[in-house]
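User: I am new to this structure. Could you show me how to read its main features?
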Amino acid sequence: MYIVKNALRNIRRMWSKNILIAIIILIIGFSCVVSLSIKEAANTARQEGLDAINITASLSYDRQKMMQGMQPPTEGEQDSSTAEDMREQMRENMQNQNLSLEELETYAKASSVSDFYYQSTMSISASSIEAIESSSTQQFGGRPGMMQGEGAETSSFVQGDFSLVGISSASALSDFQDGTAEIVDGQFLDVDDTNTVMISEDLATYNSLEVGSTITLQNPNNESETYEVNVVGIYSQSTDQQAMRFQDPANQMYTSVATVDSIASASESKSSETALTGEISGTYVLADLDAYEAFSDEVYDLGLSEDFTVQSMDVNQYEQSLAPLENLADFANTFFLVSIIVGGLILVVFQFLRIKERTYDIGVLRAIGMSKFKISLQFICELLMITTVSLVLSLGIGAATSVPITNQLLANQSTSTSEVAMGNMPGGMAPGMSENSEQNRGGFVENSIQSVSSATNWKVVLEILLLGVALTIISGSVATVFIQRYNTMKILQQG
Amino acid sequence: MSELATKDLSFYYTKDKPILQQLNLTFERGKIYAIVGKSGAGKTTLLSLLSKLQSPKEGQIIYEDTNIETINADRYRSKNIGVVYQAYNLLPQWNAIENVVLSLDVAGWKDGDKKAYAKSLLLKLQIEESDLYRPVHQLSGGQQQRVAIARALSYNPSIILADEPTGNLDKATEKEILTIFQQLAYEENKCVILVTHAASVTSIADEVYRLTR
Ligand SMILES: Nc1ncnc2c1ncn2[C@@H]1O[C@H](COP(=O)(O)OP(=O)(O)O)[C@@H](O)[C@H]1O
Ligand SMILES: [Mg+2]
């Protein structure tokens, strides 16, 4: 086909002008490859990351929802409810915030749940040992730090210096699973035993305790009420996650749920006024994101009140870790659109000027009887060749550089995001989540995705191919319109 | 039978100013025709009608018994007539051979060594071998005129039309070019139509049509 041959000849003849167009297309193409690759990287990272993480979830009371449900009537509407009524209602709601073990176990029967365990946490004192007092303890959780305004009866209730955490199974202590904590002496407690505890290395040293020692626990509200437990294990825990706790984690003793239950019932039989109680929090293990989403629906079918929601620190945290990448993907999206539009416009203008410059050539071709269709075809053919070469090059360069570019942008992005994230740390966590969330709070910034391994994939190639076709059609139609409107009589007037 | 004829041909750009009125002209093969007239008389307009760059307002142009209105304009220009434009209208960046081969391609010539054929044609029209491969904008007016003639002849049309073919040439070159037209008419049996206002061109014509308004 002589049109192809002539197109090649024209490209060669007008090398310098065509190289300029080629560079413009190369830049547009490169921007598009990189931005599309970033989007792909974000998608891939999200999917792969969620596939890889172990999801644990808990049920928590949705304060926000409760507040919404109690919003005052809108203007104009007559309603008898007053501020006093609302306060009353709120107090009532507050008391229903905790789910019983029975309820928790009901939801564990959901088909999406692969494992369920729970903790029962009791605030208690000890007569034989002393608690470690860190600065944060004094600030947040010391003896005088009582909450106000919750009613006269509760304000006289004193919190203990220690937390006795009863676990239903070893998996409830995720720190021991992931290696953040480990046994340094003795052994991990048997959850079937009662009156055995594991204590922290710090607490052991502070009170000269060792495996086999006996600790005498005491009801902080009734000093005559004591319970003896045996130390079976001493653990050490990496200290970097201890910030922002109500109580020094060293004052946490781990035991079986049975121990907490037996202390609670013994205490109840002495006096219901001062009885020690365990606060139960359940954790649901879900195989994957699909299971997590299924669980989020299933709980309501199993009768959970709408005031509660399924929460997963793992998912929240993972999504937060994706934030830099997703911000980048958003940015890439905008960048993609801008480069397409700006690039497309530049190309149209350029193609127009280029054709205008070749008006004489068009006249010559018309004069010797070349059809408008074939002339348009030749111009499109020229552009298609330039576009193809440029886009193939931009794909090559883009594929080679998109990973390092994404990672570099991500590094910049992470720094700025983590600054923001530190400022916006989520506030009041529901009680059931405190164990996990507090340990993770400090850690999530470092966990955010900082690099991607692949970016350009076949989808990007396909999109660039479509882009090439689109660019060619757009600028090709500029040529076609110009040629169609060309008045052949001009040839004679050139004389 | 005439190769080309006009029948009651009328043309105007604006109705109140007719350019051509009821024109009846005949053109035959083997003859040279001169179309003369003052500047603005409508010579170029007539050429544009004969080469189907625009259409008559009234009357017809008959090519070998066919009204050219029924023929595709691109096909007519690329196969049936060869036009040597006043400004030559060659592709300036292309060399002589490429310009000629382009016309052959557009005319739909498929086979044969088109380059060799173009080269022999150009050599016959006295283009130096060394000038064949230079972009035509580097050639002199006379040389470009010859390349334009070669292009018009290349696909072997029966009619050659030329607008002011000697307009930009010196006396000696003019004589050479006119000799070529004589050869075309008398040796190759073409119908040669020259639009001109030069007496030297008129002098070689077999028939002279004068346009007046
Ligand atoms: N495209 C056009 N539109 C309007 N008037 C035109 C156009 N081309 C030529 N004319 C007018 O038609 C007349 C004939 O022009 P033309 O055929 O070029 O004359 P010639 O070639 O004999 O000098 C002139 O008066 C010219 O002004
Ligand atoms: Mg004229």
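User: Which residues of the largest nonpolar core touch the most other members?

Analyst: Start with the general idea. Nonpolar side chains tend to be buried together in soluble globular proteins. Now the case here, in a predicted model. The largest nonpolar core has 52 residues. B:Leu4, B:Leu20, B:Phe27, B:Leu46 and B:Ile193 touch the most other members. Strand β2 of chain B, residues 17-27, gives the most to this core: five residues.

User: What is B:Leu20 in contact with, leaving aside its neighbours within four places in sequence?

Analyst: Contact means heavy atoms within 4.5 Å. By that cut-off, the partners of B:Leu20 include B:Leu9, B:Phe11, B:Leu46, B:Leu49 and B:Leu211. B:Ser10 and B:Gly42 are also among them. Another core lies apart, with 38 residues, including B:Val84 and B:Ile180.

User: Where does ligand 1 lie, and which residues come nearest?

Analyst: Ligand 1 lies between chains A and B. Of the 13 residues around ligand 1, the nearest are B:Gly40, B:Gly42, B:Lys43, B:Thr44 and B:Thr45. By class, this shell has three nonpolar, six polar and four charged residues. α1 of chain B gives the most to the shell, with three residues.

User: How do I read the polar contacts of ligand 1?

Analyst: Look for pairs of N or O atoms within 3.5 Å. A polar backbone atom of B:Gly40 is 2.7 Å from an oxygen atom of ligand 1. For a polar backbone atom of B:Gly42, the distance to a ligand 1 oxygen atom is 3.0 Å. B:Thr44 uses a polar side-chain atom, 2.7 Å from an oxygen atom of ligand 1. On its own, ligand 1 has 560 Å² of accessible area, and the protein covers 64% of that.

Methods: Residues are numbered from 1 along each chain as its sequence is written. Chains are lettered from A and ligands numbered from 1 in the order in which they are written. This is a predicted model: local features need pLDDT of at least 70, side-chain atom pairs count only at pLDDT 80 or more; totals for chains, interfaces and linings use all residues. Side-chain values use heavy atoms; hydrogens and water are left out. A nonpolar core is a set of buried Ala, Val, Leu, Ile, Met, Phe, Trp, Tyr and Cys residues joined through side-chain atoms within 4.5 Å. Buried means under 20% relative accessible area, exposed over 50%, partly exposed in between (1.4 Å probe, protein chains only). Helices (H or I, at least four residues) and strands (E, at least two) are DSSP runs, numbered from the N terminus. A residue is near a molecule or strand if one of its heavy atoms lies within 4 Å of it. A polar contact is a pair of N or O atoms within 3.5 Å; within protein, one must be able to donate a hydrogen and the other to accept it, and residues adjacent in sequence count only if both atoms are side-chain atoms. Accessible areas come from the Shrake-Rupley method with a 1.4 Å probe; for residues, only the protein chains shown count as cover. Ala, Val, Leu, Ile, Met, Phe, Trp, Tyr, Cys and Pro count as nonpolar, Asp, Glu, Lys and Arg as charged, and the others, Gly among them, as polar.
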